[in-house]
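Subject: Structure for your files

Hello,

The sequence and the structure are below, and my notes on them follow. Please read the notes with the model open.

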Amino acid sequence: MIVAALLGSFAILLVLGMPVAFAIGVASMLAILLSGESVVVASHYMFAGVNSYLLVAIPMFVLAGDLMLHSGMTKSLTNFADLFVGRMRGGLGHTNIGGSIFFSGITGSATADTTAIGSVMIPAMSENGYGRAYSTAVTVASSAIGPIIPPSLTFVIYALAVGNISIGGLFIAGLVPGLLTAAALMVMNHVISTRRNYPKREFSYSARQAFTITRKSLIVLVMPALIAFGVVTGVYTATEAAAVAAAYALLISLGMRTLKLRVLPRLFFNASKTSSIMFLLLATSSLFSYVLSTQGVPADIAALFQGLTDNPLVFLLILNITLLAIGLVIDLYPAILIFGPIFAPIAHSYGIDPIHFGVVFCVNLIMGMNTPPVGSGLFIGAAIGRVKIEELIREITPFILMQLVVLALITYVPILTTGLPRLFGY
């Protein structure tokens with residue numbers, strides 16, 4: 001009865017339009033009252049959910065991304081990508097995807113990727129003969145690369161949710177799946193562009209132009225290199241790497257005079273506001289998880305899976321189907337915070353590597369950002385591209401199918417996610 005009240009009230013509040021963090025908190029409080037426990041436990045578990053040094057990484061990564069985003073660095077990154085792939089059929093689509101690869105190392109956020117890359121590439125593609133809905137679909141689909149390639153806020157949130165897992169290991173493990181996702185999207189873009197006869201760049205950059213583009217881009221790309229170097233070598237932790245990234249972004253933005261001092265208070269406030277939303281989600285999700293655990297839900301789910309199969313490969317198949325369904329109706333971070341602590345121990349009981357499982361789990365739910373009915377990436381993309389949501393869904397479907405192929409690969413070829421972390425001692 002208590003679990004039914006918890007899940008039922010949560011679903012009703014979501015349908016009524018209440019923000020997810022508040023819906024989780026109110027539903028959890030109702031369940032606690034029905035169970036006869038003191039409401040004092042709510043403050044305890046909500047505080048426990050945010051009482052972590054790792055949380056410092058969230059505002060630092062958000063601030064670093066905002067600084068780079070508002071410094072006008074996007075154009076140099078898309079030009080850099082265009083150097084390599086612009087001459088191919090559908091070159092601007094490839095440039096869009098390539099820009100997302102580079103930009104992901106700056107923000108680690110799909111929303112920032114869609115906003116920054118989309119504002120530049122959607123008009124450019126439309127003016128060069130690409131359909132506007134298709135241009136938006138490429139932008140939205142490639143934004144899924146952002147939360148996979150390090151640094152990744154998604155992996156930070158996952159590590160906080162499940163505990164006892166290295167953020168650095170997750171960062172490194174995300175590199176190959178992120179590049180595979182980009183390659184799969186480029187293959188689909190090439191097929192569609194060839195069939196529709198979309199253009200390619202006909203001119204070549206001069207050596208001087210190529211040097212200028214590369215120089216400007218490398219200044220920006222030093223930031224993800226700093227993060228990766230520090231985490232891999234152990235010079236600093238992933239949390240400290242976030243502070244280094246924010247400091248570097250601030251120095252570069254001010255040093256290159258691409259950012260005005262008067263803008264900084266607004267960016268600091270925005271980073272605080274965005275982070276506070278995540279902290280509230282962490283706090284209420286911790287309470288939600290407490291209620292579920294006291295009612296024995298994780299044990300019941302584990303027994304259900306073990307009753308269905310004792311084969312880890314079959315378990316991963318069932319899990320992927322389950323997570324894809326969850327991603328259709330619950331947004332990325334709430335889904336990680338609610339279901340991560342439930343499924344991670346079950347995966348461990350099947351002998352699945354924690355880093356491998358973490359990447360599969362997160363990549364699966366990241367896909368949910370681009371799928372209806374609650375895919376936030378779709379609505380952001382539709383607003384930026386000024387296209388109808390149904391047109392966007394039709395154009396993005398082939399790219400989602402390619403992402404499913406990548407998901408299957410990283411699920412059943414664990415070396416793709418565990419190879420690099422093992423090489424670096426994780």
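**The nonpolar core**

The largest nonpolar core holds 137 residues, and Ile-58, Phe-343 and Phe-361 have the most contacts inside it. A nonpolar core here is a set of buried Ala, Val, Leu, Ile, Met, Phe, Trp, Tyr and Cys residues joined through side-chain atoms within 4.5 Å. Buried means under 20% relative accessible area, exposed means over 50%, and partly exposed is in between (1.4 Å probe, protein chains only). Helix 17, residues 332–349, gives the most to this core, with 12 residues. Helices (H or I, at least four residues) and strands (E, at least two) are DSSP runs numbered from the N terminus.

This is a predicted model, in which local features need pLDDT of at least 70 and side-chain atom pairs count only at pLDDT 80 or more, while totals for chains, interfaces and linings use all residues. Residues are numbered from 1 along each chain as its sequence is written, and side-chain values use heavy atoms, with hydrogens and water left out.

Leaving aside neighbours within four places in sequence, Phe-343 is in contact (heavy atoms within 4.5 Å) with Ile-301, Phe-305, Leu-319, Thr-322, Leu-323, Ile-326, Phe-357 and Phe-361.

**The chain as a whole**

The chain has 21 helices and zero strands. Of its 426 residues, 52% are buried. The radius of gyration, taken over C-alpha atoms, is 22 Å; this agrees with the value near 22 Å for a compact globule of 426 residues, by the rule of 2.2 Å times the number of residues to the power 0.38. Along its principal axes the C-alpha trace spans about 70 × 50 × 45 Å. Among contacts with a separation of 6 or more, 79% join residues 24 or more positions apart.

**Leu-226**

Leu-226 lies in helix 12, residues 207–233, and is partly exposed, with a relative accessible area of 27%. Not counting residues up to four places away in sequence, Leu-226 touches Tyr-236, Val-244 and Tyr-248. The C-alpha atoms of Leu-226 and Ala-241 are separated by 7.7 Å, and the two residues are 15 apart along the chain.

**Val-413**

Val-413 is found in the loop between helix 20 and helix 21 (415–423). With a relative accessible area of 33%, Val-413 counts as partly exposed.

Regards
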